[in-house]
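Me: Got a model open here and I'd like to talk it through with you. Can you take a look and walk me through the main points?

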Amino acid sequence: MNAKELSYGLLRAAGIALGIMLLLFFLYEIQSVIVYIAVAAIISLIGRPVVIFLRQRLKIPNQIAVIIVLLLVLAIFVGIIFVFVPIVIEQSQYLGRIDIEAFKSDLNDLNAQINAYLGVEEINIIESLKQSQFVRSLDVSLIPKFLNNVFGILGATIVALFSVIFISFFLLKDSKLMLNSILVFANRGKEQKFVRVFNKIKILLSRYFVGLTMQITVLFILYMILLTLFEVNNPVAIAFICAFLNLVPYLGPVFAGILMALFVISSNLGADFQAIILPKLIYVMLGYAICQVIDNLISQPMIFGASVKSHPLEIFLIILIAGLVFGIVGMVVAVPVYTAIKVIAKESLSDYKIVKRLTRDL
């Protein structure tokens, strides 16, 4: 290799590295748009079976069917807002009327009852809070900044909602829109392989997200019934939050259980701990455990087994690895990403024994 060829190779490598860096920077700058497209793609995967049902069974035109599905999605979103906004307003009014001294007394009484029941040394919660680093470093001037952030988040939410609905409309209206976009990257003569891979991934992920939606819905109903039976305040909002946390595999149910326990205690603040709070807490946690057993034995096997064609142990290891490498976000996206990788591997690397073994059910 002469000096000219060496120089050309170095310049070419530097150009490729620069191009990759610019591409990564560009993707970082438009990350919100990528998130909008990803959410819209999920909505289209969930809504596609409904659109097909409306179009084929009820003979509704495709465009009208898409609008109906998006209106349902929008109605669900608005319904969630109407559930939470009155609760936030109610709690704000309640906080404005609250007797701070009485609250301190109730909190310390609860603390004393718990300590007496457990037989441990009493700790003054109020004094502990006063001595905490957070309270001592609390800056009242941050409140206006916090309000500005709230309004900023509200504006960003409106933009995000409009963007997601707009993109979802076209993805649902034209099922080949995303496929045609992906085919741009296919080599000549490889288009059919791309089509097979894309259609297989679309079918599996559609089943997965539909199953996930059903799982959250079932948990929401079970949690709401449980919290209503034991007269916990705001059962609909609490049930929705706890059900939604189940999107995070393994860790989500733990946080949901802790959150539910805290709401049970706060709903009965001022009552006798041993006679009222502790029995109610035990019954609610027992009911929560039963809901989790139903979810783990019925809902999850149906989703992971029937939809993405993967063994539960395989899924557990993938989620664990994704969580260790990418954190909570990795745990949430582990299953759909792994499913897509399996389909691609089956088409491209089917000669390898391990790929055959992992993709034999696809």
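Reply: One term to begin with: a residue is buried if its relative accessible area is under 20%. By that cut-off, buried residues make up 28% of the 362 residues in the chain. Keep in mind that this is a predicted model.

Me: OK. How many helices and strands are there in the chain?

Reply: The chain has 14 helices and 0 strands. Written out along the sequence, the pattern is α-α-α-α-α-α-α-α-α-α-α-α-α-α.

Me: And what share of the contacts with a separation of 6 or more comes from residues 24 or more positions apart?

Reply: Such pairs account for 63% of those contacts.

Me: Let's pick a helix pair. At what angle do α10 and α11 cross?

Reply: Roughly 160 degrees, and their axes come within 9 Å. Helix α10 covers residues 235–244, while α11 covers residues 251–267.

Me: So are they roughly parallel or antiparallel to each other?

Reply: Roughly antiparallel, because the crossing angle is over 145 degrees. As for handedness, α10 passes α11 in a right-handed crossing.

Me: Which residues make the contact?

Reply: On the α10 side there are I238, I241 and C242, and α11 brings in A256, L259, M260 and F263. By type, the contact residues divide into 7 nonpolar, no polar and no charged.

Me: Nice. Switching to aromatics: how many aromatic pairs are there?

Reply: The structure holds 8 aromatic pairs. One of them is F166 with F170, with ring centres 5.1 Å apart and planes at 65 degrees, so the pair is edge-to-face.

Me: Where do F166 and F170 sit relative to each other in the helix?

Reply: Both are in α7, which spans residues 142–173. They are 4 residues apart, so about one helical turn separates them.

Me: What about F169 and F170?

Reply: F169 and F170 also form an aromatic pair, and this one is edge-to-face, with 5.2 Å centre to centre and 85 degrees between the planes. Ring pairs link F162, F166, F169 and F170 into a cluster.

Me: What does S168 touch?

Reply: Leaving out residues up to four places away in sequence, S168 touches A40, I43 and L70.

Me: Where is K59, and is it buried or exposed?

Reply: K59 is in the loop between α2 (31–56) and α3 (62–97). K59 is exposed, with a relative accessible area of 66%.

Me: And what is the phi of E231?

Reply: E231 has a positive phi of about 55 degrees, and E231 is not a glycine either. The place of E231 is in the loop between α9 (191–229) and α10, and at 62% relative accessibility E231 counts as exposed.

Terms used. Residues numbered from 1 in each chain as written. Predicted model: local features only at pLDDT ≥ 70, side-chain atom pairs only at ≥ 80, totals over all residues. Heavy atoms only, no water. Axes fitted to C-alpha atoms, helices over the stretch in contact; angles between N-to-C directions. Helix = DSSP H or I, 4+ residues; strand = E, 2+ residues; numbered from the N terminus. Parallel < 35°, antiparallel > 145°, perpendicular 65-115°, else oblique. Left-handed = near helix turned anticlockwise from the far one by under 90°. Contact = heavy atoms within 4.5 Å. Nonpolar A, V, L, I, M, F, W, Y, C, P; charged D, E, K, R; others polar. Phe/Tyr/Trp six-rings, centres within 6.5 Å; stacked < 30°, edge-to-face > 60°. Buried < 20%, exposed > 50% of the residue type's maximum accessible area, 1.4 Å probe, protein only.
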